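Reader: Before I rely on a model of this kind, I would like to learn how its features are to be read, one after another.

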Amino acid sequence: MMKLWNGKYLDEEALLADQFSASIAFDQRLWKQDILCSIAHAKKLAAQGKLTDDECDTIVVHLQEILWDMEAGRLHFTDEDHDIQNAVEKLLKRRIGNIADKIRQDQDPAIRAALSLRLYQKEAIQTLSHGIDQLTDALHMLAAQPAESIPGQDPTACAALADSLAQDKARFADCEKRTLASATHATDAAKIAVCDTAFASEFLSACASSMAHLAAFCDGLVLTAHFGADPQVPSLTDAQLHICRLISNKTSRVTGDLMSVLTTSGSFTVSAAAKLQETCQPLFDGYDSLKDTLKVLCNILQASCPAAVNDEQTA
């Protein structure tokens, strides 16, 4: 892929420009989604008569092989790949030669990036929903236990958090419905809408709301451990309390991710490609933060009342 600054800078300046604009360090997460988008685009070109059936079959088969090799861990990206689209195209061209160039027909890199990111977000929502379900199950088990068996927390607080998480899950479900909605139409207006990063803002807003609920619950655990600890009640370990404090701090981090996307999306001077590139990192970070928080808090709650977990497993 030709760089915009080719021939305009000295070698050292060109290297700096290349490093500054490269996104492969983080958008390589989108390798699966980018390959799936490329397969769909190849089939679309074949249906329009812009690729022969043999050319389409060659492209699709080798893209699928690249996907399988990636899943098996046989392929890796380097800094020279620049971005995930360029990386996938290079891998494809090594296997089938110049036929790979034909997949660029009628393809806007920004729309391809937007579709890949939307597909990633859809899968992320499904993963988070599963994590919410697991934490909710743990909360319901604790809420059913006698108050004296739960370390420094009223069963009512567990039930309240479970209710809040149910609302969060519904919010993510609504977000999922809109994640790919504008991507199903081929009009010019729809193509512009595909690149609108509002889908990421909505997702991160839901993440920030969930983190706020989790942080409030963890703050209760920490405050009770320090000011309301009962020697007769088993308490959380120092390591567990430290994690609870981190969860509170990560809430502001996810809120910052949301603010970053909102600020970028509101700029009229930023290109669609640049907006999407700068949307990737906060979206990934917000998703990782919430996913890890759900998992680690679920583990803490299960460890704090093993009797309830054992009863559930026996049942």
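This is a predicted model: local features need pLDDT of at least 70, side-chain atom pairs count only at pLDDT 80 or more; totals for chains, interfaces and linings use all residues.

Reader: How many helices and strands does the protein chain have?

Author: Helices (H or I, at least four residues) and strands (E, at least two) are DSSP runs, numbered from the N terminus. Here the protein chain has 12 helices and 0 strands.

Reader: At what angle do the axes of α3 and α5 cross, and which residues make the contact?

Author: Axes are lines fitted to C-alpha atoms, for helices over the stretch in contact, and angles run from 0 to 180 degrees between N-to-C directions. The axes of α3 (residues 31-47) and α5 (residues 84-96) cross at roughly 60° and come within 10 Å. The contact (heavy atoms within 4.5 Å) joins Trp31, Asp34 and Ile35 of α3 to Ile84, Gln85 and Val88 of α5.

Reader: Is Ser201 buried or exposed?

Author: Buried means under 20% relative accessible area, exposed over 50%, and partly exposed in between (1.4 Å probe, protein chains only). Ser201, which lies in helix α9 (residues 198-227), counts as buried because its relative accessibility is 8%. Leaving aside neighbours within four places in sequence, Ser201 is in contact with Leu258, Val261, Leu262 and Ser265. Across the protein chain, 44% of the 315 residues count as buried.

Key. Residues are numbered from 1 along each chain as its sequence is written. Side-chain values use heavy atoms; hydrogens and water are left out.
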